[in-house]
Amino acid sequence: MEETIGVTEAAQIPKQRGELLLDNAVRYAEERHWDVFPGTWLEAVEGSERCSCGAGDCPAPGAHPARPDWATQATGSAVGARRMWSKQPKASILLPTGRTFDAIEVPESAGFLALARMERMELTLGPVTCSPDRRMFFFVLPGAAAKVPDLVRKLGWVPSSIDLTTRGEGFYVAAPPTRVGGRGAVQWARKPTPANRWLPDAEELISPLAYACGREAADARARRA
């Protein structure tokens, strides 16, 4: 797996080689028992990289589902994953949420602030990804999408006023080393290890995450004033 991104150190962008994608997709299914499915990929067109979907204005080039029935295509079988990526080695690795995990999504700046606080509090963390569009995804137990809004309100925040959302059933996240157009690659801020095989409940992480997002929202309002 890729190296963990430190809270302050610069991230290295992994190359998206076909064998690396296949190996990682198989490992996610085999070692983590996560469902995986292949998404779109990047193609060289007239000297630039375009999404295989063919849309010139694709918002997530090379990193979204390639077919509408992606939810039924997802598999937790290592053999199935190897077969799918053998057919299209350049396909992105996508993980459906709402099955073995949900994902709490926050801005990267707030996410690293929350990570530092969580480490001081010695909280148990699950895997965390960092996307090239500067978003972070904290993996938590399924069911988070249904209860996070109420948890945020109980902490005194209005959910719509802070940039914190949750991906559950019917959604997905891109997994490392998937590349998103020319923006860079999805990476691990906290990589999967035997120590974080058991995921935390959203309730355990929501306080530092909401605080960090609320602080960032307040700073943004102050700058606009």
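The accessible surface of the chain comes to about 11,100 Å² in this predicted model. Carbon and sulfur atoms contribute 51% of that area. Buried residues make up 51% of the 225 residues in the chain. The C-alpha atoms fill a box of roughly 50 × 40 × 35 Å along the principal axes.

The secondary structure comprises six helices and 10 strands. The radius of gyration is 17 Å, close to the 17 Å given by the globule rule for 225 residues, so the chain is as compact as a globular protein of that length. Among contacts with a separation of 6 or more, 81% link residues 24 or more positions apart.

Five strands form an open sheet in the order S8-S5-S7-S6-S10, with antiparallel pairing. Strand S8 (165-167) and strand S10 (187-190) are the edge strands, and each pairs on one side only. Neighbouring strands of this sheet are turned by 30 degrees against each other on average, direction ignored. Within the sheet, strand S5 (residues 102-107) and strand S7 (residues 135-140) run antiparallel and are joined by six bridges. Asp 102 has Val 140 in S7 as its bridge partner. Helix H6 (residues 202-224) packs on the sheet and touches S5 and S7. The direction of H6 makes about 20 degrees with that of S5.

A hairpin is formed by S2 and S3, with two residues between them. Four bridges join strand S2 (residues 42-45) to strand S3 (residues 48-51), and the two run antiparallel. Ala 44 stands opposite Glu 49 in S3. In the turn, Glu 46 has a positive phi of about 50 degrees.

Conventions. Residues are numbered from 1 along each chain as its sequence is written. This is a predicted model: local features need pLDDT of at least 70, side-chain atom pairs count only at pLDDT 80 or more; totals for chains, interfaces and linings use all residues. Side-chain values use heavy atoms; hydrogens and water are left out. Two strands pair if DSSP finds at least two bridges between them. Axes are lines fitted to C-alpha atoms, for helices over the stretch in contact, and angles run from 0 to 180 degrees between N-to-C directions. Contact means heavy atoms within 4.5 Å. The radius of gyration is taken over C-alpha atoms; the globule rule is 2.2 Å times the number of residues to the power 0.38. Buried means under 20% relative accessible area, exposed over 50%, partly exposed in between (1.4 Å probe, protein chains only). Accessible areas come from the Shrake-Rupley method with a 1.4 Å probe; for residues, only the protein chains shown count as cover.
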